[in-house]
Amino acid sequence: MLAVAAGMAVLPTPAQAIGVAVPLGTADSFAVLAGETVTNTGSSTITGNVGVHPGKAVTGFPPGTVNGSIHRGDALAKQAKTDLTTAYNNAAGQPYDASVSDDLGGRTLKPGVYRASSSIGLTGTLTLDAEGDPNAVWIFQVGSTLTTASASRVRLINGAAPCNVFWKIGSSATLGTGSTFVGNILALTSITVTTGVTIDGRALARNGAVTLDDDTITRKTCSTGGTSSGTTSGTSAGSTSGSTAGSTSGTTAGTTAGSTSGSTSGTTSGTTAGSTSGTTAGTTAGGDSGGNRPPVGGVGTGSGGAARGLNATEITVGVLLIGLSLIGAGVFVVRRRALTAS
């Protein structure tokens, strides 16, 4: 047992993908955010808000285009800067899975937290493999600077999402000409984006400047499909079920009841279960074509036919019958007296 324990003690601990997505707060709405200035040269296109605080200088728009709002030292930019500081500290404080150094080019990395004690570079292609998990997270904790070479790129495969890639930079970041970068850059000082760079993510600098030159930056967010699906599904099911049950019950109960009972059942059941159908069917069945009179005993008091007054023909026949009865009775009396007298 001692030998087994000793052997286990020297086994390496496997890396765990423990990274948790960094909450950006109000900084989430910004594609570019700086502490001092945001400057642009050329026809850069920014999708998302652009802001600066405590500085107020945002220059180069136009010729650059912002598909969002520009916030120069206002309350929203101030809050976004506060939330950026919180996000930076969150990214810096997460336990790391593995150490990286020198250059990230040519590597394929699984989800996790990667720590570089000083500066890191990127030449060629860095591949991030989500292994089929759309919620996979990468956090790079860079102690000093990040520098990417010209035409370098970050490539995502197997469901990896730009919104779940975070670069915590202890100093400043510089992205090389014509490079393609992915993720949210959270830099302590400044970010320099050279000519023709594409960023799927954000360039957020806490204290210094963000400098752009004919670049494209598109703010990326993660979808929330679960909430939407649950809401839609529940509403549809409840709505359909209620309508069908109410309509069917009302029609059936009202039609079947008939006569006086039909009036009572139809009205009660129809109103409760189906409303109009039950009331109409029950009332019609209980009345007749001779004037829609109420049933004997009043509405809803019992069963039986309808009570109605005598028409002209019935009155005439009745009078004749009574008259004939009286004549017959008179003849009978006269004949009896004649017999008695004789």
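## Overall organisation

Among the contacts in the protein (heavy atoms within 4.5 Å) with a separation of 6 or more, 51% are accounted for by residues 24 or more positions apart. This is a predicted model, in which local features need pLDDT of at least 70 and side-chain atom pairs count only at pLDDT 80 or more, whereas totals for chains, interfaces and linings use all residues. Residues are numbered from 1 along each chain as its sequence is written, and side-chain values use heavy atoms, with hydrogens and water left out.

The secondary structure comprises 6 helices and 22 strands, taken as DSSP runs of H or I with at least four residues and of E with at least two, numbered from the N terminus. Of the 342 residues, 34% are buried, where buried means under 20% relative accessible area, exposed over 50% and partly exposed in between (1.4 Å probe, protein chains only).

## Strand S2 and its partners

Strands pair if DSSP finds at least two bridges between them; S2 runs parallel to S5 (residues 57–59) through 3 bridges, and Thr37 stands opposite Ala57. S2 is also parallel to S21 (residues 210–213), joined by 4 bridges, with Asn40 opposite Leu212.

## The disulfide

The structure holds 1 disulfide, defined as a pair of cysteine sulfur atoms within 2.5 Å: Cys163 and Cys222, with sulfur atoms 1.7 Å apart. Cys163 is buried at 11% relative accessibility, while Cys222 is partly exposed at 40%.
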